Amino acid sequence: MIKFEQVTKRYETGQEALSNVSFHIERGQMVFLTGHSGAGKSTLLKLIMRMETPTSGRVQIAGQNLTQLDRKDIPFYRRHIGVVFQNHQLLFDRSVYENVALPMRISGHSEHDIGKRVRAALDKVGLLHKEKVSPVALSTGEQQRVGIARAVVNKPALLLADEPTGNLDPELSQEIMTLFKDFQRVGVTVLIASHDHELIQSMALPVMTLAEGQLVNFS
Ligand SMILES: Nc1ncnc2c1ncn2[C@@H]1O[C@H](COP(=O)(O)OP(=O)(O)OP(=O)(O)O)[C@@H](O)[C@H]1O
């Protein structure tokens with residue numbers, strides 16, 4: 001599902017964020033990505049989202065070589081990836097329902113489909129009863145769950161999470177991980193960038209470790 005072949009990313013500043021990184025994550029795997037600050041985690045995620053391109057090497061997602069992806073096809077490609085951020089980037093002037101509906105509105109779905117899928121996604125994260133309220137009125141953990149519902153509303157084959165539990169206490173972090181596990185169980189590939197060693201150790205999952213742009217461990 002995610003294949004990196006000798007990928008190097010050097011920014012215009014000359015900073016080499018990733019050096020000759022190769023790995024393969026199979027469809028349906030759930031994997032942690034860890035490493036110190038500046039190790040290259042966000043860069044790796046940005047390459048998968050096609051927000052950056054490699055300086056050399058090849059990134060293949062679901063068999064598609066991203067370097068060959070036409071610029072006009074990038075928005076369509078991104079719809080197949082769900083992204084969860086630490087600061088969830090919700091719109092506080094819209095309801096929970098509208099926040100989750102947003103990706104589907106952008107993809108031009110009918111109101112009927114939107115209603116069905118948004119409610120299914122909110123139900124999955126246990127927030128169906130909060131669909132009408134503003135995210136301002138929710139706890140941090142609930143806001144993060146709205147972010148997850150929004151990430152999965154388009155039924156992505158791939159879910160990327162960048163420090164998804166950064167603001168949460170251990171109990172809520174476990175809750176979020178349980179949700180990710182549920183998605184994995186139905187075939188979604190999940191890649192989670194995290195600093196949280198305790199959380200990583202509590203889950204029996206494969207871990208990729210970056211150090212100064214190099215992949216030093218994947219086991
Ligand atoms: N747009 C950019 N231009 C220049 N250098 C960049 C850019 N983005 C990242 N870098 C540099 O590349 C290196 C890797 O950064 P990256 O953000 O991928 O690390 P990270 O592991 O995600 O760090 P953190 O955990 O702090 O978010 C760092 O030295 C960073 O300063």
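**View 1. Ile200 and its surroundings.** Ile200 has 17 C-beta neighbours inside 10 Å and therefore counts as partly exposed; a residue is buried with 20 or more other C-beta atoms within 10 Å of its own, exposed with 12 or fewer, and partly exposed in between, with C-beta atoms placed from the backbone. This is a predicted model, in which local features need pLDDT of at least 70 and side-chain atom pairs count only at pLDDT 80 or more, while totals for chains, interfaces and linings use all residues. Residues are numbered from 1 along each chain as its sequence is written. Ile200 sits in helix α7 (residues 197-202); helices (H or I, at least four residues) and strands (E, at least two) are DSSP runs, numbered from the N terminus. Leaving aside neighbours within four places in sequence, the contacts of Ile200 are Phe32, Thr34, Ser194 and Val207, where contact means that the C-beta atoms, placed from the backbone, lie within 7 Å. Between Ile200 and Val31 the C-alpha to C-alpha distance is 9.8 Å, at a sequence separation of 169 residues.

**View 2. The open antiparallel sheet.** Four strands form an open sheet in the order β2-β1-β4-β5, with antiparallel pairing. The edges are β2 (16-25) and β5 (64-65), each with a single partner strand, so one side of each has no neighbour in the sheet. Strand β1 (residues 2-10) runs antiparallel to β2 and is joined to β2 by 6 bridges; strands pair if DSSP finds at least two bridges between them. Within this pair, Phe4 stands opposite Phe23 in β2.

**View 3. The parallel pair β6 and β7.** Strand β6 (residues 81-85) pairs with strand β7 (residues 158-162) in the parallel sense, over 5 bridges. Opposite Ile81 stands Leu158 in β7. β6 is mostly covered, with 4 of its 5 residues buried.

**View 4. The largest nonpolar core and Phe180.** The largest nonpolar core has 53 residues, of which Val100, Ala149, Leu159 and Phe180 touch the most other members. Such a core is a set of buried Ala, Val, Leu, Ile, Met, Phe, Trp, Tyr and Cys residues joined through C-beta atoms within 7 Å. At least three residues of this core come from each of domain 1 (1-80 + 156-219) and domain 2 (90-155). Not counting residues up to four places away in sequence, Phe180 touches Met30, Leu159, Val190 and Ile192.

**View 5. The contact between the domains.** The chain is divided into domain 1 (1-80 + 156-219) and domain 2 (90-155), with bounds from an automatic or database domain assignment. The C-alpha centres of domain 1 and domain 2 lie 24 Å apart. To the contact, domain 1 gives 11 residues and domain 2 gives 10 residues. On the side of domain 1 that touches domain 2, helix α6 (residues 170-185) gives the most, with 5 residues. The residues on that side of domain 1 are 8 nonpolar, 1 polar and 2 charged; Ala, Val, Leu, Ile, Met, Phe, Trp, Tyr, Cys and Pro count as nonpolar, Asp, Glu, Lys and Arg as charged, and the others, Gly among them, as polar.

**View 6. The chain as context for the close-ups.** The chain has 7 helices and 10 strands. Of its 219 residues, 36% count as buried. Among contacts with a separation of 6 or more, 70% join residues 24 or more positions apart.

How values were computed: Two residues are in contact if their C-beta atoms, placed from the backbone, lie within 7 Å.
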